[in-house]
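I opened the model to look up helix packing, the nonpolar cores and backbone angles. My notes follow in the order of the look-ups.

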Amino acid sequence: MNLGISARFAVRGVVANPLRSVLTTLGILIGVGAVIVLVAVGTGSSKAVADQIGKLGSNTLTVSTSAGGQGGRRGAGGFGAFPGRTATVSSGTQTRVATLTVADAESLSDKTSAPDVAGVAPVVSASSVIATYDGAKHTVGTFYGTTPSYLANTNDTVAVGSAFTDADYTSRRRVALVGETVAEDLAGGNGRAVVGEVVQLNGIDYTVVGILTAKGSTGPQDQDDRVLAPLTAVQDTLTGYGDISSISVRATSADTVTDATSEVTSILAARHRVSAASPDFTVSSASSILTAATSSNRTFTVLLASVAAISLLVGGIGVMNIMLVTVTERTREIGIRKAIGARRGDIIGQFLMEAVLLSVLGGALGVAVGLLGSRFEIVGVQPVVAPYSVGLAFGVAVVTGLFFGLYPAGRAASLRPIDALRHE
């Protein structure tokens, strides 16, 4: 019997019991669709994390004290920082508190010692800052005093108005850039009315010179609930002249992040008189966080795909179960076909093709359902379909049909004609 005749018999077998065939393909459909959707959720989650970190700049470094440091009246912000904690460092017979200073930041701007550093910005953080304007009040989530270069370091831009300048920094002018959330809470509407106006920050007058471009949220953290102001003015009015919280450093490119990290570590270790192998500060980068997050999300995606694959396995077992029932129901037919000359290969081909046909139909429908389901946001994540998951899920569905259809087909082919003809 040729392939065409086997395919015709397989189609007749599937069509003869439409409800049973539909229920059988449903298991494969769910498995394939689940694999595509769950892998898409994992891929979408990885992309969202990468996009959020990418907004900070792939060549951005953040220097903080080993236990998070303490600047002004509050601990450091930035990567790996823990507000309100200080690090105690033992050097020889003396014990001192690890700190960062503006002088430390200035030392990193030396092109001779740090040729791979493109920009440096000291950062001081103020806590519990309340902004008031025209009767409106807002508690600022993040308040940083820094230099104009901070915007370039962290890939920030100004959507409305203008950034504060080096002249503002050196003249200690009380000007500020506010995030979109702060602007909208203070001025209402789109918040643009606050630009050029004087707001009170803990009772101190600051003139809003611009609104920062929106960055959205990372989990529960609103990245637009922030205020940036010249470090000199912030020290004058809010934090005092203590140590700084952290130092923002920008490497010349993403390819020189490792070299810039080494240069920063060497310079600060020499200034702090500590070993570069065990410094009293940490240097972290957006790229290192991205690598860790990508690795974590990859594990998460594999876990999701494994769970979905279980449903595909269950669907395969369903195909096998139905094929065994089909063989039992058609035992007499098998006996007649073998009696008139059908070979073992013909019987195996017929039933194996029927099992594969059910799996192919279920797989094709599963792909369609998976692609459709991936168009909708799931648990706050916009799925991104991974092309490999579509081919892999469909391929596994076909292999599942072959694997789980092989035993029923073999069982049908092994029946003796005389026994099959006697079957009622």
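At what angle do helix 11 and helix 12 pack, and how far apart are their axes? I noted first that the model is a predicted one. For helix 11 and helix 12 (residues 387-413) I read an angle of about 155°, with the axes 7 Å apart. Angles over 145 degrees count as roughly antiparallel, and helix 11 and helix 12 are therefore roughly antiparallel to each other. Their crossing is right-handed. I then sorted the contact of helix 11 with helix 12 by residue class: 19 nonpolar, 6 polar and 1 charged.

Next I took the pair formed by helix 10 (residues 331-339) and helix 11 (residues 344-373). Their packing angle is about 145°, and the axes are 10 Å apart. Helix 10 also passes helix 11 in a right-handed crossing. On the helix 10 side, the contact is made by E333, I334, R337 and K338. Helix 11 contributes D346, I347, Q350 and F351. By class I have 3 nonpolar, 1 polar and 4 charged residues for the contact of helix 10 with helix 11.

I moved on to the nonpolar cores. The largest has 47 residues, and F143 and I247 are those with the most contacts inside it. Helix 8 (residues 257-272) supplies the largest share of this core, 6 residues. Another core lies apart from it and has 26 residues, including V39, A342, A393 and A409.

What does I247 touch, once its neighbours within four places in sequence are left aside? I listed L61, T62, V63, L100, T101, D104, A105, L108, V120, A121 and P122.

I checked helix 6 (residues 180-187) for burial and found T181, V182, A183 and L186 as its buried residues. G188 follows helix 6 and has a positive phi, near 75°.

Most residues other than glycine have a negative phi. S128 has a positive phi, near 55°. S128 sits in the loop between strand 4 (117-126) and strand 5 (130-133). Is S128 buried or exposed? Its relative accessible area is 58%, and exposed means over 50%, so S128 is exposed.

I wrote down D134 as a second case: its phi is positive, about 50°, and it is not a glycine. D134 is placed in the loop between strand 5 and strand 6 (136-139). With 73% relative accessibility, D134 counts as exposed.

Technical notes:
Residues numbered from 1 in each chain as written. Predicted model: local features only at pLDDT ≥ 70, side-chain atom pairs only at ≥ 80, totals over all residues. Heavy atoms only, no water. Axes fitted to C-alpha atoms, helices over the stretch in contact; angles between N-to-C directions. Helix = DSSP H or I, 4+ residues; strand = E, 2+ residues; numbered from the N terminus. Left-handed = near helix turned anticlockwise from the far one by under 90°. Contact = heavy atoms within 4.5 Å. Nonpolar A, V, L, I, M, F, W, Y, C, P; charged D, E, K, R; others polar. Core = buried A, V, L, I, M, F, W, Y, C linked by side-chain atoms within 4.5 Å. Buried < 20%, exposed > 50% of the residue type's maximum accessible area, 1.4 Å probe, protein only. Parallel < 35°, antiparallel > 145°, perpendicular 65-115°, else oblique.
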